[in-house]
Amino acid sequence: MPDKPPTRSHLDDRLRMRPAVAAAAFDAGDRRGADAFNTVLTRGLAAGASDIHLEMLPSGLRVRYRIDGVLRPQTFGPLQTVLDTTMREVVSRVKILAKLDIAERRRPQDGSFRTIVDRNGAKAGVDLRVSVVPSHTGESVVIRVLDRSRAPRSIDALALAPAVAARIREVLARTTGIFLVTGPTGSGKSTTLYACLMHLHRPEIRILTAEDPVEYVYDELSQCEVNEAIGNTFAGYLRVFLRHDPEVIMVGEIRDRETAEMAFRAAQTGHLLLSTLHTNSAVAALPRLLDLQIEPALVASSLAGVLSQRLARRICEACRREYAPSADDVAAFFAAPPRHLVFVQGGGCDACHHTGYRGRLILSDLWIPDEADGARIARGAPMDDIHRGAARTSITMADDAHGRLAAGETTIEELRRVLPHQAIVEYRARYGRMSGA
């Protein structure tokens with residue numbers, strides 16, 4: 001006998017079941033996406049990535065890890081198919097962990113979460129900062145890895161050139177003034193400031209910080225996070241800090257005139273203040289401060305020193321070997337092939353993921369103004385005069401780069417990649433004709 005046509009009650013039963021079936025299918029996809037993301041995150045942490053990039057493309061989900069400052073595309077074999085088919089679920093999983101709105105796909109969002117990793121049988125917490133940006137092909141996610149095990153505990157941990165480290169210690173021995181660290185985003189400015197603060201820390205002084213955001217948490221510091229939405233700005237914190245009896249203040253960044261004025265006022269009233277600026281060289285901090293309408297005489301009396309820095313990849317010790325760099329790379333720094341240098345590179349091994357590099361080092365441009373520099377600044381001397389005077393009181397990035405190259409710590413290709421143009425010009429002027437034995 002033919003089946004009876006479905007009754008109204010049967011149809012209602014089927015309709016009531018459909019949402020449950022859809023939910024089950026979504027849950028299954030969501031679980032697959034969550035498992036896939038866990039694998040991506042675990043591999044990134046194991047590889048020592050500082051950032052994990054997830055990009056939704058028409059072809060699927062592209063995953064890249066930033067390791068030693070360079071983005072490296074990742075391949076996941078069969079798991080890549082899962083990532084491609086569940087990329088929306090993967091991004092939703094990240095949003096849930098970071099306490100973001102999973103339904104919002106039109107506006108940027110920022111959040112954070114923490115995960116626990118196993119290191120040699122011990123549990124360690126790793127903080128992860130998440131930024132989601134909508135794009136034409138979907139959402140793009142960047143996860144910044146803030147691993148407390150990497151947080152510096154001293155200036156020695158920065159592995160600066162010995163002359164640079166010694167002069168920074170001299171600056172930090174002062175009880176008043178401003179010490180600035182400059183450079184582009186991602187050049188390690190905050191890490192250097194933390195190292196300086198830990199060098200300064202001792203039980204009998206108080207150190208206050210205003211940061212955006214707090215990257216590493218130290219028990220020894222009183223750290224405050226900027227939140228402009230509720231009025232907690234750098235300048236606002238500085239104003240309050242002066243009533244909290246600190247000896248040392250760290251301001252994450254001097255961005256505007258109000259913050260700059262408050263910073264210099266703090267330096268004038270018996271505090272040592274550390275902060276950052278975005279400039280291409282140490283001396284370039286001066287016109288930036290003048291652009292913020294700080295009086296030249298105030299800058300001259302308060303500026304204790306400026307460190308401009310870049311991060312260059314370090315040659316892997318496990319596979320280092322001599323080599324001959326390309327003619328183009330040599331010509332960028334030398335008028336003729338130098339016979340006084342032995343060029344070294346990493347051949348590539350498991351220890352460095354076959355890149356030839358493992359870890360990074362700081363290339364420094366350090367300017368410690370003396371009385372003559374201060375007099376030029378106070379009377380508003382032309383920048384050309386200030387540059388010439390600063391040459392006597394600076395350790396230039398060209399000097400540091402040459403020392404690192406001669407010591408076989410990095411490659412000429414890496415110097416060409418990371419050094420600002422002016423530093424390369426200075427290198428050629430100072431060392432470019434040293435072609436003799």
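Helix 4 and helix 5 cross each other in a right-handed manner, in a model that is predicted. Helix 4 covers residues 162-172 and helix 5 covers residues 189-200, and the two pack at an angle of about 60°, with their axes 11 Å apart. Elsewhere in the model there is an open sheet of eight strands, on which helix 6 packs.

**The pair of helices**

- Where the two helices meet, helix 4 contributes I168, R169 and L172, while helix 5 contributes C196, H199 and L200.

- The eight strands of the open sheet follow the order 9-8-10-11-7-12-15-16, and their pairing is mixed.
- At the edges lie strand 9 (222-225) and strand 16 (394-395), each of which pairs on one side only.
- Strand 10 (residues 248-251) and strand 11 (residues 272-277) run parallel and are joined by four bridges, and V248 has L272 in strand 11 as its bridge partner.

**Helix 6 against the sheet**

- Helix 6 (residues 234-241) touches strand 8 (207-211), strand 9, strand 10 and strand 11, and its direction makes about 165° with that of strand 8.
- The buried residues in helix 6 are F234, A235, Y237, L238 and F241; seen down the helix axis, these buried residues fall within an arc of 160°, so they line one face of helix 6.
- The cover over the buried residues of helix 6 includes helix 7 (257-268) as well as strand 8, strand 9, strand 10 and strand 11.

Definitions and conventions
Residues numbered from 1 in each chain as written. Predicted model: local features only at pLDDT ≥ 70, side-chain atom pairs only at ≥ 80, totals over all residues. Heavy atoms only, no water. Pairing = 2+ DSSP bridges. Contact = heavy atoms within 4.5 Å. Axes fitted to C-alpha atoms, helices over the stretch in contact; angles between N-to-C directions. Buried < 20%, exposed > 50% of the residue type's maximum accessible area, 1.4 Å probe, protein only. Arc of directions from axis to C-beta. Left-handed = near helix turned anticlockwise from the far one by under 90°.
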